[in-house]
Amino acid sequence: MKENRHPWLGSFEGDLIFDQKEGDLRSFASHHRDLHHRPSSPNLERCRWTTKATCDYDLFQESVERRERVSEGERKMRELTEMRGHREDDRNVIEAAERVKRYKRRNIKELHKMLHRCNEQLQQFSHVNKKALDQYINFTEQREELQKRQAELDAGDEKIRELISVLDQRKDESIERTFKGVARHFREIFSELVQGGHGHLVMMKKKVSFTGQGETQSMKQLSGGQKTVVALTLIFAIQRCDPAPFYLFDEIDAALDPQYRTAVGNMIRRLADLANTQFITTTFRPELVKVADKIYGVTHKNRVSRVNIVSKEDALEFIEHDQTHNAE
């Protein structure tokens, strides 16, 4: 392990040993003088000090030799380093001298021909874009910037797709939740409008029964009045789930039988009272007029229409007169 240490460490260790042994040698000299100045001291004491001094002197000599070996190794290392540097310089000088010697043997004409030939060879590369390297660096930077931008756009696109997926899922859940509420109210309202009947609202199709005998019919099998009842049932079911401020109906009772007109009128009256919703309807039937709060009569004379507030009795009389006139 000691042979592999750095020469500087070896030198440092040698200095420490040398300083220590030098101190021991001074101590030995001091004791030796004391022994000589004390003739009455026993011979045994003098022999012990003499033996110790001999051992310390040997160690001191060994440390001195080790320090000299370390210094010699450092000197040789410096010489080898300098020789290596000189050798590389000499090699470069030799190569340069050989090149000079090779062209020095040629005459001026041959050198001019060689120079001319080299220039011609260089002319073959005159079409090369001298700014190609700069352009390559510039385009490389632009490419890296575009790749970075593409990565950002891809990440944004992925987040947008995730958001769309989440919104689609929420939309489906909301539609399903709303549809279930509308379907529940559809069953309740249909039973109120059609005594003894029942209806079920199923996704993409509706089946109802107007007889209550368990027989159901699709929309294609219903009459005009029955389709109107089903449509009104769906509107009222949606109104219960999400009420609107007002509803405008235009002769919704035109194709209904009297019993259904009465049921629809009662339903509108009840919803107007409970849900604080306003219903505006046009009709020529007495069932809706009987449950109305305010009635307006529209007259047309001399190509001018006029709207006037009329009483419920006048409205019922006008409807009765109109029905009698139509019957004749």
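The legends below describe close-up views of a predicted model. Local features require pLDDT of at least 70 and side-chain atom pairs pLDDT 80 or more, whereas totals for chains, interfaces and linings use all residues. Residues are numbered from 1 along each chain as its sequence is written, and side-chain values use heavy atoms, with hydrogens and water left out.

**View 1. Aromatic cluster of Phe 236, Tyr 247, Phe 249 and Phe 279.** Rings of Phe, Tyr and Trp (its six-membered ring) pair if their centres lie within 6.5 Å; planes under 30 degrees apart are stacked, over 60 edge-to-face, and the rest tilted. The count is five aromatic pairs. One of them, Phe 249 with Phe 279, is tilted, at 6.0 Å centre to centre and 35 degrees between the planes. This pair links distant parts of the chain, 30 residues apart: Phe 249 lies in strand β3 (residues 246-250) and Phe 279 in strand β4 (residues 278-282). Helices (H or I, at least four residues) and strands (E, at least two) are DSSP runs, numbered from the N terminus. Phe 249 and Phe 279 are both buried, that is, under 20% relative accessible area; exposed means over 50%, and partly exposed lies in between (1.4 Å probe, protein chains only).

**View 2. Lining of the largest pocket.** The pocket has a volume of about 1000 Å³, taken as the space filled by probe spheres set on grid points joined across faces, edges and corners. On a 1 Å grid over the protein atoms alone, where a 1.4 Å probe fits, a pocket is an open set with protein on both sides within 12 Å along at least five of seven lines; lining residues have an atom within 4 Å of a point. Of the 30 lining residues, Thr 281, Ala 292, Lys 294, Ile 295 and Tyr 296 are the closest to the pocket centre. Elements that each supply at least two lining residues include β3, β4, α6 (258-274) and α8 (312-327). By class, 17 lining residues are nonpolar (Ala, Val, Leu, Ile, Met, Phe, Trp, Tyr, Cys, Pro), seven polar (the others, Gly among them) and six charged (Asp, Glu, Lys, Arg).

**View 3. Hairpin of β5 and β6.** Strands pair if DSSP finds at least two bridges between them; β5 and β6 run antiparallel and are joined by seven. Lys 301 has Val 304 in β6 as its bridge partner. Two residues separate the strands, and Asn 302 in the turn has a positive phi of about 50 degrees.
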